[in-house]
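Hello,

Here is the structure I promised to pass on to you. Have a look at it first, and then read my notes below.

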Amino acid sequence: MKFGASMALLILLSTAGGGLRKAAADTADELSQSVARIDLLLSTWQFHAARKLAQRLLASHPDLPAVQMAAAWVKFHFAEHREAGELLERALAAFGRRAERDQRSRLIRNAARISQEWERETSPDGSAVVLRRAGADEILVPYLFETVAKTIKVVGEDLGHQPELPILVEVLPDSAALADLTGLTEEEIATSGTIAVCKYGRLMITSPRATLQGYG
């Protein structure tokens with residue numbers, strides 16, 4: 001389901017009366033277009049533009065559930081999972097059970113749960129941010145920093161394009177977590193041998209600890 005024009009209009013009109021209804025309807029239409037614009041920007045990997053628009057909407061309409069949902073979805077793309085989860089729960093309190101079945105709701109909730117005790121590290125040059133559980137996966141961090149920096153340089157030169165920085169890398173504890181954060185099933189991951197997915201503006205990799213013999 002999409003939390004667009006009809007839902008925004010319903011929420012606004014429920015708080016408007018008499019002569020305010022026309023203005024409320026106009027505002028709802030503008031907001032629904034902005035929410036749809038955020039979805040378009042995210043789907044075309046224009047993440048920072050989506051973030052700026054979501055921030056403006058949330059600042060001007062912090063209590064509107066459709067805006068809260070849109071802002072939560074943006075924060076999910078930036079691996080700001082705790083904040084995304086909080087915004088989601090506020091939106092779901094108004095939207096109800098139907099919204100809980102939306103895939104975005106499941107992904108945001110899964111990410112908030114899985115990332116509760118994650119640590120965040122930024123590379124010295126600011127090109128990469130690695131999010132991971134405390135413990136042995138710390139050993140991967142410098143290698144990930146180096147790999148991201150080299151990839152940006154080599155592939156960027158080949159394609160004549162430099163991505164917006166930083167690149168977000170999440171080290172996930174197992175294939176179940178990879179499934180929970182990507183929408184893939186564990187069977188699809190197992191049968192394809194998938195250990196990494198680039199989706200939702202982030203690179204998500206399964207920790208080599210979760211595989212029988214690690215990986216190259």
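Let me start with Asp-137, which is buried because its relative accessible area is 3% (buried means under 20%, exposed over 50% and partly exposed in between, with a 1.4 Å probe and protein chains only). Before going on, please note that this is a predicted model, where local features need pLDDT of at least 70, side-chain atom pairs count only at pLDDT 80 or more, and totals for chains, interfaces and linings use all residues. Residues are numbered from 1 along each chain as its sequence is written, and side-chain values use heavy atoms, leaving out hydrogens and water.

Which residue forms a salt bridge with Asp-137? The partner is Arg-209, and the closest N and O atoms are 3.3 Å apart. A salt bridge here is a side-chain nitrogen of Lys or Arg within 4 Å of a carboxyl oxygen of Asp or Glu. Arg-209 lies in the segment after β5 and Asp-137 in the loop between β2 (128-133) and α8, so this pair ties together parts that are 72 residues apart in sequence. Arg-209 counts as partly exposed because its relative accessibility is 47%.

Glu-170 and Arg-202 form another salt bridge, with their closest N and O atoms 3.0 Å apart. Since Glu-170 sits in strand β3 and Arg-202 in strand β5, the pair ties together parts that are 32 residues apart in sequence. Helices (H or I, at least four residues) and strands (E, at least two) are DSSP runs, numbered from the N terminus. Glu-170 is buried, at 0% relative accessibility, and Arg-202 is buried too, at 1%.

Strand β5 (residues 202-206) also pairs with strand β4 (residues 196-199), in the antiparallel sense over four bridges; two strands pair if DSSP finds at least two bridges between them. Val-197 stands opposite Met-204 in β5. In this hairpin, two residues lie between the strands, and Tyr-200 takes a positive phi near 55°.

One more salt bridge to find on your screen joins Arg-104 and Asp-39, where the closest N and O atoms are 3.6 Å apart. Arg-104 belongs to helix α7 (residues 103-114) and Asp-39 to helix α2 (residues 20-43), so the pair ties together parts that are 65 residues apart in sequence. Both Arg-104 and Asp-39 are buried. Together with Asp-102, they are linked in a network of salt bridges. By the rule above, the count comes to 15 salt bridges.

Enjoy exploring!

Best wishes
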